[in-house]
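Visitor: I would like to learn how to read this entry one feature at a time. Please give the general idea before each case.

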Amino acid sequence: MKNNPAAHCRSGLLAFLLVLFLTTNAMGHNLWLNPETHYPETGTVIEIGIGWGHDFPENRTHQDVREDLVHWISAIDPDGQTIEPERLSPERYRLAIEKPGVYIVSAHTRPGAFTITPEGRKWGDKTEVERPVRCVAYRIVAQTVIVAGGDQNLTGTPPLPVSVKLLADPSALAAGDTLPVQVLFEGQPLPGANLTAKYAGYAHEDKDHGHGRGDYPVEVVTDGDGKAAIQLSKPGFWIALLSHRPPYPNTKVCDEYMFNLAFTFQVKE
């Protein structure tokens, strides 16, 4: 059989693209919510900032927020009612805290898909691009919790494909304590999920390469009931990250989903 240099080049290119795909897009971008405080007084109005990018610096913002980045944002109040935060700008919303208790706020970007091809990454699924190699359908979601005193009720579940359920009142915890959580996928416990967490301003090691990955002060895996414990080493604002990648049901359209979740909370002094 004759050696075919062109075929070897194509095979090498596809292998390179797949490696690039698996490494550079393992987590991708994250969307997160930045309340000015997670523990406001009842009867006040708080602002909620929008975070976007890879890193979680001291000011909790990384990359610029586009005008159309947030496709949907909503809150569940202590009585289980859905309320809409007021949009002030692409990176800022306002929420009235009218009742004592827990508010669960969630948001997401517009769902989409990207496909790796021999020419590089293209937006769209396999049916929308030429010469598709591998496709990911992504959902980038954010969740946070705001506690305004009162009788705590942490059982609310946001309308997100993947979410975090708190198993303890975070307002009663401080540095040195542990925050127990349960990760849910489509409303059911998600076992074996890799959950990482860090506080605002945490400095990654050089292996991070500026993409917000690298090492984390908390790296845990959920148990058979989707539960895990986050060790709170420092007071301040925290972010917990999860990327769940189940197979896509129709490989002629796409190969896998990528559900990126960022859950933010605050640890008291």
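Visitor: Does Ser-74 count as buried or exposed?

Guide: Buried means under 20% relative accessible area, exposed over 50%, and partly exposed in between, with a 1.4 Å probe and protein chains only. Ser-74 counts as buried because its relative accessibility is 6%. The model is predicted: local features need pLDDT of at least 70, side-chain atom pairs count only at pLDDT 80 or more, and totals for chains, interfaces and linings use all residues. Residues are numbered from 1 along each chain as its sequence is written, and side-chain values use heavy atoms, leaving out hydrogens and water.

Visitor: Where is Ser-74 placed, and which residues does Ser-74 touch?

Guide: Strands (E, at least two residues) and helices (H or I, at least four) are DSSP runs, numbered from the N terminus. Ser-74 sits in strand 3, residues 72-76. Contact means heavy atoms within 4.5 Å. Leaving aside residues up to four places away in sequence, Ser-74 touches Thr-82, Ile-83, Glu-84, Pro-85, Ile-104, Val-105 and Ser-106.

Visitor: What does the side chain of Thr-115 reach?

Guide: A polar contact is a pair of N or O atoms within 3.5 Å; within protein, one must be able to donate a hydrogen and the other to accept it, and residues adjacent in sequence count only if both atoms are side-chain atoms. The Thr-115 side chain reaches the backbone oxygen of Gly-124 at 2.7 Å. Thr-115 belongs to strand 8, residues 112-117, and is buried because its relative accessibility is 0%. Beyond four places in sequence, its contacts include Arg-121, Val-129, Pro-132 and Cys-135.

Visitor: Which residues touch the most other members of the largest nonpolar core?

Guide: A nonpolar core is a set of buried Ala, Val, Leu, Ile, Met, Phe, Trp, Tyr and Cys residues joined through side-chain atoms within 4.5 Å. The largest one has 33 residues, and Val-162, Leu-179, Ile-230, Leu-242 and Phe-265 touch the most other members. Elements giving two or more residues to this core include strand 7 (101-108), strand 10 (134-148) and strand 18 (256-267). Strand 18 supplies the largest share, five residues. A second, separate core of 25 residues includes Leu-31, Ile-46, Ile-97 and Tyr-103.

Visitor: In what order do the four strands of the open sheet run?

Guide: Two strands pair if DSSP finds at least two bridges between them. Here the order is 1-2-6-5, with antiparallel pairing. Strand 1 (30-35) and strand 5 (86-89) are the edges, each pairing on one side only. Six bridges join strand 1 to strand 2, residues 44-53, and Leu-31 stands opposite Trp-52 in strand 2. Strand 5 and strand 6 (residues 92-97) pair over three bridges and form a hairpin with two residues between them. Ser-89 has Arg-92 in strand 6 as its bridge partner.

Visitor: How many helices and strands does the protein have?

Guide: The protein has one helix and 18 strands. Of its 269 residues, 49% are buried.
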